[in-house]
Amino acid sequence: MTATSVADRKAAWILAGIALIEGSVVALNAILNPAALIRVLGFTAGRAGSEWGWLLAMAVTTGFVWHSRRFPAVREHMLRVSWFKLLALAVAVSAGILEEAVFRRQLMNSLQLHGWGTMAQILASGLAFGLVHGIWGLFGRNLRAAAGATIATGLLGLALAAIYVASGRSLAPCVATHFAIDLLIEPGIMLAACRGEMSGIARAGAAKTPRPA
């Protein structure tokens, strides 16, 4: 078994685990109270967010997907139909719903109730989101890649938090953005982490950085 096939199998198991764990929580809530879940997510009349929120959502989706294309695995799998992409679809649905409910609605609304200002809420949401997703870089056994993954997803978390605020604290544009990004860049981003592509790009970036005299 080649190193690439081992890495690909690892990525598949990780994606399946994310889909199973997060999907189970979403499915349970959908079964127990589907109306409440739809209402919380903002996909009801008068709760779907503002025009500015949706415009920002489209801009963030385009920018993050374009930036992620620097990884060969992302370009390879972005539009490819495969069983890997089916896993990506499951992750996009489950993560798009659960993670937005946790990192945007629950976290930011809780901070608001405790007197935190809007900017502090956005920063806290982005930081928490980045730290949780920084583990991606560790799949390639490289701390530099882990730091890069933390920064990239942290910036995405900040953008999603800004969308939440711009949308009048509606989750609908955030969920749509999260879903679209995961669907397009997964499984490529997970494969990139497991194959060590994040490490390679991080090393290439370091090599291009001018050294102090």
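Me: Is Asp 8 buried or exposed?

Reply: Buried. In this predicted model, Asp 8 has a relative accessible area of 15%. Buried means under 20%, so Asp 8 falls on the buried side of the cut-off.

Me: Which residue forms a salt bridge with Asp 8?

Reply: Arg 195. The closest N and O atoms of the pair are 2.8 Å apart.

Me: What parts does that pair tie together?

Reply: Asp 8 lies in helix α1, residues 3-32. Arg 195 lies in helix α10, residues 188-195. The bridge therefore ties together parts that are 187 residues apart in sequence.

Me: And Arg 195 itself, what's its relative accessible area?

Reply: It is 27%, so Arg 195 is partly exposed.

Me: How far apart are the closest N and O atoms of Glu 76 and Arg 80?

Reply: 3.3 Å, and the two form a salt bridge. Glu 76 is partly exposed at 33% relative accessible area. Arg 80 counts as partly exposed as well, at 41%.

Me: How many salt bridges does the count come to?

Reply: The count comes to 5.

Me: Switching to the overall fold. How many helices and strands?

Reply: There are 11 helices and 0 strands.

Me: What share of the residues is buried?

Reply: 44% of the 213 residues count as buried. On contacts, take those between residues at least 6 apart in sequence: 78% of them join residues at least 24 apart.

Me: Let's do helix packing. At what angle do α5 and α6 cross?

Reply: Roughly 145 degrees. The axes come within 9 Å. Helix α5 is residues 83-113, and helix α6 is residues 118-133. The crossing is right-handed.

Me: Which residues make the contact?

Reply: From α5, they include Phe 103, Leu 107, Met 108 and Leu 111. From α6, they include Ile 122, Ala 128, Phe 129 and Val 132. By class, the contact has 9 nonpolar, 4 polar and 2 charged residues. Glu 99 and Arg 104 of α5 are in the contact too.

Me: Now α2. Which of its residues are buried?

Reply: Ala 36, Leu 37 and Leu 41, in a helix that spans residues 34-41. They cover an arc of only 130 degrees around the axis, so they sit on the same side of α2.

Me: Why would residues a few places apart point the same way?

Reply: An α-helix has 3.6 residues a turn, so residues three or four places apart point the same way.

Me: What comes just after α2?

Reply: Gly 42, which takes a positive phi of about 90 degrees.

Me: Which residue has a positive phi although it is not a glycine?

Reply: Arg 169, with phi at about 65 degrees. Arg 169 is in the loop between α8, residues 143-166, and α9. At 24% relative accessibility, Arg 169 counts as partly exposed.

Me: Where is the cis peptide bond?

Reply: Between Glu 186 and Pro 187, with omega at about 5 degrees. Pro 187 is in the loop between α9, residues 172-185, and α10.

Me: Last one, Val 60. Where is it found?

Reply: In helix α3, residues 51-68. Val 60 is buried, with a relative accessible area of 13%.

Me: What is Val 60 in contact with, leaving aside its neighbours within four places in sequence?

Reply: Leu 156, Ala 159, Ile 163, Thr 177 and Ile 181. Take Leu 156: it sits 96 residues from Val 60 along the chain, yet their C-alpha atoms are separated by 7.9 Å.

Definitions and conventions. Residues are numbered from 1 along each chain as its sequence is written. This is a predicted model: local features need pLDDT of at least 70, side-chain atom pairs count only at pLDDT 80 or more; totals for chains, interfaces and linings use all residues. Side-chain values use heavy atoms; hydrogens and water are left out. A salt bridge is a side-chain nitrogen of Lys or Arg within 4 Å of a carboxyl oxygen of Asp or Glu. Helices (H or I, at least four residues) and strands (E, at least two) are DSSP runs, numbered from the N terminus. Buried means under 20% relative accessible area, exposed over 50%, partly exposed in between (1.4 Å probe, protein chains only). Axes are lines fitted to C-alpha atoms, for helices over the stretch in contact, and angles run from 0 to 180 degrees between N-to-C directions. A crossing is left-handed if the near helix is turned anticlockwise from the far one by less than a right angle, and right-handed if clockwise. Contact means heavy atoms within 4.5 Å. Ala, Val, Leu, Ile, Met, Phe, Trp, Tyr, Cys and Pro count as nonpolar, Asp, Glu, Lys and Arg as charged, and the others, Gly among them, as polar. The arc is that of the directions from the helix axis to the C-beta atoms.
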